[in-house]
Amino acid sequence: MNDLTVIDLDEDRFAIGQPVPRGEDPVLLRGQGHYSDDFSRPGQAYAVMVRSQYGHGVIRGIDTEQARTMPGVLAVYTAADLAAGGISPMPARQVMNNRDGTPMLQPVRHVLATDRVRHVGEAVACVIAETVTAAKDAAELVAVEIDPLPVVTEPARAAAADAPQLYDEVPRNVGLDFHFGDSDQVAAAFASAAHVTNLRLRNNRIVVNPMEPRAALAEYDAEQHHWTLHVGCQGVFGFRNYIAQVMGVGRDKVRVVTDRVGGSFGMKQPNMPEYFCILHGARMLGRPVKWTDERSGSFVSDTHGRDHDMTAELALDRDGNFLAVRLTGYGNLGATYGAPGPSTRNAQRNTLGVYKTPLIEVNTQCVFTNTTPVGAYRGAGRPEANYYMERLVDTAAREMGIDQLELRRRNHIPREAMPYKSPNGTTYDSGDFTNLLNKAVALADWPGFAKRKEESRARGKLRGRGISDYLELTGPPGREMGGIRFEPNGDVTIVTGTLDYGQGHWSPFAQVLAARLGIPFRRIRLLQGDSDELIAGGGTGGSKSMIVSGNAIIGAADKVIERGKQIAAHVLEAAAADIEFHAGRFVIAGTDRAVGLMELAAQINGGLALPPELPQSLDVAEIYDGPPSAFPNGCHIAEVEVDAETGIVEVVKYTFVNDFGVVINPLLVNGQAHGGIVQGIGQALREHTVYDADGQLLTGSYMDYAMPRADDAPLFQHEFHSVPATTNPLGAKGCGEAGCAGALPSVVNALVDALAEFGIRHIDMPATPERVWRAIRAARSR
């Protein structure tokens with residue numbers, strides 16, 4: 001039988017390494033994207049949350065009677081109603097151990113506040129009505145009587161003996177006392193050091209601000225005792241499992257469906273109280289219930305990011321060789337356990353970066369405060385860790401009178417040392433750090449900086465240059481589904497449990513499958529957002545999607561080939577051992593007799609009769625163990641101009657070279673890098689989350705909270721310096737969070753360089769015009 005498949009000579013445009021545009025963009029640009037708030041069902045009701053107006057206080061009573069009598073109101077729920085409905089407290093998603101080996105303290109977190117409120121915006125009650133307006137009107141009539149208590153919002157202050165206590169069972173508000181490293185060895189290294197650099201570094205709190213606020217719609221099938229939740233998230237499989245746990249039902253009783261997601265950056269990963277309220281309402285009312293947040297609500301109820309206060313120390317010998325790094329400080333959990341990992345394990349695993357530092361010690365107290373809970377935010381500890389290290393390196397170079405490039409090169413892990421076992425507990429598989437740095441320096445026109453600085457000075461501006469020589473550990477591998485389904489219409493569907501919330505997974509995943517199986521690129525579809533279709537799924541986070549889903553897709557593709565050889569042998573009347581697979585065709589070795597994969601799939605879908613001992617389809621649904629984490633790295637070089645009279649800082653030149661391993665789709669990779677860089681610039685110079693002494697969020701709208709804008713970033717110069725990872729079959733390393741890891745240190749290092757003539761050694765983020773102006777004025781007055 002001859003292969004009737006027409007080979008598309010244009011398919012080379014979709015090969016691995018080609019800049020294939022995002023497949024979903026035409027739909028999105030036409031305004032046809034289907035987001036969480038676009039889901040509606042006949043007869044749906046609407047939910048509005050009643051939130052605490054106090055930062056801390058004892059609940060003396062919640063009076064819902066007047067609200068219940070309002071026109072159109074269907075229900076008003078408090079914590080007691082949810083408990084009566086069998087909804088349990090929400091367990092911590094990430095549990096770590098204290099330095100003494102005991103588990104971190106986990107105070108009970110109810111869906112709705114019970115005895116006490118602990119931050120402004122904490123959900124106290126839920127009103128469900130026929131319309132949003134009716135629900136809002138009734139929510140204003142829910143009378144919550146609260147006796148105010150003292151408030152603490154800063155992490156360093158929270159651990160003080162006299163600080164207000166959020167939980168009776170958490171002394172000094174310390175939920176986790178984390179330690180890594182050999183304290184005695186590190187202390188000895190510092191004692192013997194010729195030079196020690198010490199910086200207190202405040203990593204400022206960020207409001208996540210995805211383009212799409214959170215929204216969800218819950219449905220309940222009374223006959224099947226089954227819920228369906230339409231919601232934007234980062235992975236439906238784990239999301240479903242957590243909901244089932246809290247609702248006290250089997251996983252088969254919950255389905256989570258996600259279509260388009262308008263950004264997340266880590267914030268939409270955890271389950272939130274609102275979802276359990278509408279799930280309960282859908283069951284009790286027998287009709288769908290919808291909830292959509294407004295931006296004012298998002299500011300106080302979405303998890304925030306960052307918020308660490310660290311003292312960072314670097315010990316060096318007389319030649320500038322690094323001896324040890326020590327971090328000591330605090331991570332802010334907010335009012336309940338959010339994400340303890342960023343200031344602890346991710347600080348441990350990412351701070352050493354590209355340097356052959358023999359020792360590291362991390363001491364972090366994760367504390368509860370009267371602020372919105374803190375969760376993952378793009379990088380989740382990786383940008384923070386690189387910020388600590390790169391600020392230390394730049395400062396040490398200035399203090400010791402060593403050129404900043406030379407100090408970095410002197411301490412680089414050499415390429416020939418790979419695989420390199422780091423004292424942070426990880427093993428780097430690959431990297432070429434010095435040559436990458438050299439490429440970035442050349443691309444940035446390093447020798448021309450002096451001339452550019454004089455040109456800036458002639459215009460009344462200061463100019464500075466900064467480097468970030470970063471490395472980060474990608475997300476935890478975990479198990480992932482690899483599914484391939486041959487549809488009756490001739491399409492091929494990839495099924496996997498990562499989830500695209502703006503990254504553009506469809507094109508690169510299709511490139512991987514097309515390269516492996518020779519399937520026409522345009523016939524490939526992607527299914528990620530339906531928990532009923534998944535048998536495993538770790539979701540998206542930690543820059544791991546291509547590593548884990550790509551690995552699963554390759555594993556599933558190899559299963560397709562294995563099954564296809566058996567079926568092709570039957571069709572071609574040959575032995576399975578004689579069948580080879582090349583470029584989308586099953587061929588009898590040494591002959592021209594073949595059948596195409598797509599043709600074979602069409603025959604099976606058309607009713608091809610197969611012996612019972614053979615696979616009955618080409619479809620595959622398997623679970624694959626994720627490969628080890630990878631180590632993307634790079635060098636970012638920023639140049640800034642500063643107006644000393646106003647404090648305004650502008651990023652005027654930005655160059656970066658990245659090692660992302662094998663780059664599947666450079667167009668999407670560059671887009672990820674650009675987005676991360678702009679977010680890093682935003683944190684470094686603009687975004688400032690401020691609470692007052694009563695725990696009120698003063699920066700609760702875009703009138704007060706400055707987001708980065710397009711004109712805050714220059715055009716970027718960039719190149720790749722790819723060293724394939726050896727730990728996964730694609731050689732990929734991940735790219736989604738690297739922009740932040742490169743931008744934070746390079747921009748702040750550039751600013752400090754510009755201000756060095758005033759004797760300014762450090763300036764904390766965000767370096768707002770006021771903060772810079774005050775620093776210059778203070779320096780001039782000394």
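In this predicted model, helix H15 meets helix H16 through Pro508, Phe509, Val512, Leu513, Arg516 and Leu517. The H16 side of that contact consists of Ser545, Met546, Ser549, Gly550, Ile553, Ile554, Ala557, Asp558, Val560 and Ile561. By class, the contact holds 11 nonpolar, three polar and two charged residues.

**H15 with H16**

- H15 spans residues 506-517, and H16 spans residues 545-572.
- Their axes come within 10 Å and cross at roughly 30°.
- Angles under 35 degrees count as roughly parallel, and H15 and H16 are therefore roughly parallel to each other.
- The H15 and H16 crossing is right-handed.

**H11 with H12**

- Helix H11 covers residues 382-400, and helix H12 covers residues 404-411.
- H11 and H12 pack at an angle of about 120°, and their axes are 9 Å apart.
- H11 and H12 are therefore oblique to each other.
- H11 passes H12 in a right-handed crossing.
- From H11, the contact takes Glu390, Val393, Asp394, Ala396 and Ala397.
- From H12, Gln404, Leu407 and Arg408 take part.
- Four nonpolar, one polar and three charged residues make up the contact of H11 with H12.

**H12 with H13**

- H12 also packs against helix H13 (residues 433-443), at an angle of about 160°.
- The axes of H12 and H13 lie 10 Å apart.
- Angles over 145 degrees count as roughly antiparallel, which makes H12 roughly antiparallel to H13.
- This crossing of H12 and H13 is right-handed.
- H12 brings Leu405, Arg408 and Arg409 to the contact, while H13 brings Thr434, Leu437, Asn438 and Val441.
- The H12 and H13 contact has three nonpolar, two polar and two charged residues.

**Second largest pocket**

- The second largest pocket has a volume of about 760 Å³.
- Of its 29 lining residues, the closest to the centre are Val48, Met49, Val50, Arg51 and Ala139.
- Strand S1 (45-51) gives the largest share of this lining, six residues.
- Other elements that each supply at least two lining residues include helix H4 (132-139) and strand S6 (143-148).
- Strand S12 (289-292) and helix H9 (295-301) each supply at least two as well.
- The lining of the second largest pocket divides into 16 nonpolar, seven polar and six charged residues.

**Cavities**

- Rolling a probe the size of a water molecule over the atoms shows where empty space is left.
- The structure holds two cavities of 30 Å³ or more.
- Of the 16 residues lining the largest cavity, Arg306, His308, Ala339, Pro342 and Val374 are the closest to its centre.
- Strand S13 (304-316) and strand S14 (322-334) are the elements that give two or more residues to this lining.
- By class, the lining of the largest cavity has eight nonpolar, six polar and two charged residues.
- The second largest cavity holds about 40 Å³.
- Val207, Val208, Asn209, Arg295, Ser298, Phe299, Asp302 and Thr303 line the second largest cavity.
- H9 provides the largest share of that lining, three residues.
- H9 also supplies at least two residues to the lining of the second largest pocket.
- The second largest cavity is lined by three nonpolar, three polar and two charged residues.

**Backbone geometry**

- Most residues other than glycine have a negative phi, and most peptide bonds are trans.
- Asn209 has a positive phi, near 55°.
- Asn209 sits in the loop between strand S8 (195-207) and strand S9 (215-221), and Asn209 is one of the residues lining the second largest cavity.
- The peptide bond from Met418 to Pro419 is cis, with omega near -5°.
- Pro419 lies in the loop between H12 and strand S16 (420-421).
- Met765 and Pro766 are also joined by a cis peptide bond, with omega about -10°.
- Pro766 is found in the loop between helix H19 (738-755) and helix H20 (769-781).

Technical notes. Residues are numbered from 1 along each chain as its sequence is written. This is a predicted model: local features need pLDDT of at least 70, side-chain atom pairs count only at pLDDT 80 or more; totals for chains, interfaces and linings use all residues. Side-chain values use heavy atoms; hydrogens and water are left out. Axes are lines fitted to C-alpha atoms, for helices over the stretch in contact, and angles run from 0 to 180 degrees between N-to-C directions. Helices (H or I, at least four residues) and strands (E, at least two) are DSSP runs, numbered from the N terminus. Angles under 35 degrees count as roughly parallel, over 145 as roughly antiparallel, 65 to 115 as roughly perpendicular and the rest as oblique. A crossing is left-handed if the near helix is turned anticlockwise from the far one by less than a right angle, and right-handed if clockwise. Contact means heavy atoms within 4.5 Å. Ala, Val, Leu, Ile, Met, Phe, Trp, Tyr, Cys and Pro count as nonpolar, Asp, Glu, Lys and Arg as charged, and the others, Gly among them, as polar. On a 1 Å grid over the protein atoms alone, a cavity is a set of points where a 1.4 Å probe fits but cannot get out, and a pocket is an open set with protein on both sides within 12 Å along at least five of seven lines; lining residues have an atom within 4 Å of a point. Grid points are joined across faces, edges and corners, and a volume is the space filled by probe spheres set on the points.
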